Amino acid sequence: MNDIFFRRNTAPPRPMPPPAAIPPRPAAPSAAAPAPAPVPTEERKESRLIVGPDIKLKGVEITDCDTLVVEGRVEASLDSRVIQIAEHGVFCGKVEIDVAEIHGRFDGELTARKHLIVHATAKVSGKIHYGKLKVEEGAELSGEIASLSVTKGAAEVAPVKRAV
């Protein structure tokens, strides 16, 4: 059998190149020269979780996630900074968040401490609390909807029932 894949390599090995010359170390700095400021090796990066289309994530508690992007389906609890639900995304569960931007469906308990943005394609239902609310025409909101108002340094829920 004379197959190229089974042929033995008979060529002599190639020699390795010589190691690179190491430059001489500079003389020790004098006492008058200030030491350079330490450079941070790595700044904290934003932690981001993307649940893609056709992905189902069920029965979890999502923590230490700065931004959650939902393009599939998530059934979980979340305490984070930002949630973005895409047009075909679905989130069911309990969320405590700074900013929520919803294009798809949300069902459960939602507390948006700063902003809740509900786009025209969104369907939001359940127990909803928000700091500031923006609802586009065509969006659907149902359930118990209340504004968070800050009085005397503590967050208080001011009940307001609305259906858009």
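This is a predicted model: local features need pLDDT of at least 70, side-chain atom pairs count only at pLDDT 80 or more; totals for chains, interfaces and linings use all residues.
**View 1. Confidence along the protein chain.** The mean pLDDT (the predictor's confidence in each residue, from 0 to 100) of the protein chain is 79, with 64% of its residues at 70 or more. Over residues 150–158 the pLDDT is below 50, though this stretch still has 13 contacts (heavy atoms within 4.5 Å) beyond near neighbours in sequence. Residues are numbered from 1 along each chain as its sequence is written, and side-chain values use heavy atoms, leaving out hydrogens and water.

**View 2. Aspartate 66 meets arginine 81.** These two form a salt bridge (a side-chain nitrogen of Lys or Arg within 4 Å of a carboxyl oxygen of Asp or Glu), with the closest N and O atoms 3.8 Å apart. Aspartate 66 sits in the loop between strands E2 (56–62) and E3 (67–70), and arginine 81 in the loop between E4 (73–79) and E5 (82–85); strands are DSSP runs of at least two residues, numbered from the N terminus. Aspartate 66 is buried at 7% relative accessibility, whereas arginine 81 is partly exposed at 39%. Buried means under 20% relative accessible area, exposed over 50%, and partly exposed in between (1.4 Å probe, protein chains only).

**View 3. Arginine 113 and its network.** Arginine 113 pairs with aspartate 79 in a salt bridge at 3.5 Å between the closest N and O atoms. Arginine 113 is in strand E7 (residues 105–118) and aspartate 79 in strand E4, 34 residues apart. Asp98 joins this pair in a network of salt bridges.

Technical notes: Helices (H or I, at least four residues) and strands (E, at least two) are DSSP runs, numbered from the N terminus.
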